Amino acid sequence: MTAVLGYATPREAWAWSRGVLRAHRGQVAVTSACFLAATGAGLVGPQLLGMLVDEVAGGGRSTTRIDLLALAFLGALVVTAVLRRSARWRAGVLGEELLAANRTGLVTRALALPLATVEAVGTGPLLSRATTDLDRVDHALRQGVPEVLTAAVTVALTVVAMVVTSPLLAAALLVAVPTVVLPTRWLWRRLPGAMQRMLDAWAALTARVHESTAGARTLESLGLVERRTAGDDAALVAAVDRERDLRALHVRWTPWLEISHVLPVAATLLLGAWAHGAGLASLGEVTTMVVYVQALATPVDEALWWVEDLVVAVVALRRVLGVRAPDGVRAEPLPAVADERGLHLEAVRFAYRADRPVLRGVDLHVPPGERLAVVGGSGAGKSTLARLVAGISAPSSGSVRLDGREVGTLDDDVLRGEVLLLTQEHHVFTGTVRDNLLLPAVDVGDDDLRGALALVGLGDWLAGLPDGLATAVGSGALTVPAAVAQQLALARVVLADPGTVVLDEATSLLDTAAARRAEGALDRVLAGRTVIAIAHRLHTAAGADRVAVMADGEIVELGPPAELLRAGGPYARLVAAAA
């Protein structure tokens with residue numbers, strides 16, 4: 001069962017951008033002022049150069065004036081460079097803050113996703129949006145926005161300066177309008193769709209590579225390496241093809257851009273020669289206008305190319321903002337069944353694919369405070385049953401109720417306070433031991449944390465750490481063995497203190513002695529609470545109140561372990577096989 005993360009709408013992306021810019025309007029104003037000042041200083045240079053040409057052409061009566069104009073020209077260049085550097089620095093700082101806001105928002109939205117959505121989407125799509133797409137947004141915020149802003153202001157003020165200097169010669173710019181506007185309009189109509197297809201293709205490739213790497217051992221064990229490699233190669237070819245489709249648009253557009261740089265210069269020279277001969281423009285004015293026209297080529301070129309990166313960033317931002325809970329109205333909570341206590345499953349069916357049912361009409365009642373062990377062969381449906389009880393997945397049909405309330409219609413916050421699922425997959429987060437333990441419960445003291453660690457058999461491990469609870473663990477810090485990571489997860493169970501605990505082979509990585517100690521601790525801490533243990537080792541089932549044996553998606557045997565052993569049925573055969 002898979003799901004696809006959607007895209008935010010362009011309106012939502014622009015609304016997010018406006019909101020973030022509004023929140024940093026002071027910095028935006030200062031940065032914009034710096035760019036305006038830098039652009040204004042840059043326009044002084046051509047004017048001074050024109051005055052210098054007129055002075056030399058007029059036979060300058062004093063070299064002092066020529067020297068002063070030359071020094072002023074050099075000074076204008078230095079001032080322009082300093083102001084541009086300051087403007088870019090401020091834009092970089094602003095970009096960092098905007099990027100931080102985007103990253104924080106992505107993490108917040110990802111954490112708010114329903115667990116079922118996270119499981120269905122998979123790690124790859126989330127990873128691509130948190131890395132590649134955010135990098136594209138980062139690139140645009142750091143460099144694209146400043147470059148486009150600088151180029152736009154430069155073009156606008158340069159055109160104004162040209163009109164002020166010589167309206168007649170400024171008319172030469174009109175020859176470039178058809179070669180810039182029409183081809184660029186054609187390109188921009190096609191860019192968003194081409195870029196979205198390209199980003200989707202590269203995201204799919206990233207997801208496949210991540211999954212292939214994470215599941216390399218499984219692929220090798222099942223002999224699927226060649227088939228998986230062929231699929232990865234096909235994904236790479238698809239991504240390259242979408243990239244080529246985008247570049248094909250550029251190949252058709254770029255020649256028109258180059259022509260638009262040449263035509264205005266030629267038109268200005270021709271018009272300037274005629275105007276100078278007719279006494280309508282001085283040689284200095286013609287020189288100034290030619291410099292202005294040549295100076296326009298670079299910002300126009302940069303602006304048009306950077307706008308493409310901004311379009312990419314907008315599409316990437318829509319993907320990032322698309323990490324959110326699926327649209328739609330949540331089902332209304334069903335009325336609770338009066339006086340019904342414990343966990344009830346009635347005619348529960350589930351299938352990841354319609355033609356491959358996993359659960360086939362499971363009926364089960366677990367009274368409050370009972371410890372139920374679920375055993376069976378691989379593929380019997382044990383872990384799927386655990387997911388349904390924890391509310392991560394919803395049954396295809398049937399009912400899963402906890403204390404008379406339908407699990408699938410409970411609010412996530414309510415559900416997580418009632419049922420805790422602990423699987424065999426655990427993660428140690430970068431931070432201190434204290435940070436890792438405080439994930440499920442923040443209102444506890446250090447004594448409680450030490451007590452929880454002692455209960456799961458980590459008292460001696462904690463005593464051996466250099467900084468105790470303040471010891472840094474995770475990536476780049478102290479490496480935590482897999483067995484210790486699993487015991488830390490069990491300590492979180494102790495601290496979370498849920499009403500119902502579902503253990504999905506939660507002690508499978510521990511040695512037998514450590515597993516017995518951890519389970520003994522859970523027995524003491526969870527006394528009086530409902531525990532459903534998906535048993536990997538049959539000694540876990542031996543200590544349960546009842547055992548449910550699953551086979552082919554059905555419960556084929558249910559009862560106290562001693563009675564099942566005497567009955568000589570499926571459970572007895574499993575125990576005999578294990579012995």
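Helix α11 (residues 382–389) lies across β1, β2 and β4 and runs at about 120 degrees to β1, where contact means heavy atoms within 4.5 Å, and axes are lines fitted to C-alpha atoms, for helices over the stretch in contact, with angles from 0 to 180 degrees between N-to-C directions. Helices (H or I, at least four residues) and strands (E, at least two) are DSSP runs, numbered from the N terminus. The model is predicted, with local features needing pLDDT of at least 70 and side-chain atom pairs counting only at pLDDT 80 or more, while totals for chains, interfaces and linings use all residues. Residues are numbered from 1 along each chain as its sequence is written, and side-chain values use heavy atoms, leaving out hydrogens and water.

**Sheet**
- The open sheet has four strands in the order β2-β1-β4-β5, with antiparallel pairing, two strands being paired if DSSP finds at least two bridges between them.
- Its edge strands, each pairing on one side only, are β2 (356–366) and β5 (405–406).
- Strand β1 (residues 343–353) pairs with β4 over five bridges in the antiparallel sense, and L343 stands opposite L402 in β4.

**S399**
- S399 is placed in strand β4 (residues 397–402) and counts as buried because its relative accessibility is 11%, the classes being buried under 20% relative accessible area, exposed over 50% and partly exposed in between (1.4 Å probe, protein chains only).
- Leaving aside neighbours within four places in sequence, S399 is in contact with H344, L345, E346, V348 and E406.

**Helix pair**
- The axes of helix α3 (residues 63–112) and helix α10 (residues 283–321) come within 10 Å and cross at roughly 35 degrees.
- N102, L106 and R109 of α3 and L317, V320 and L321 of α10 make the contact.
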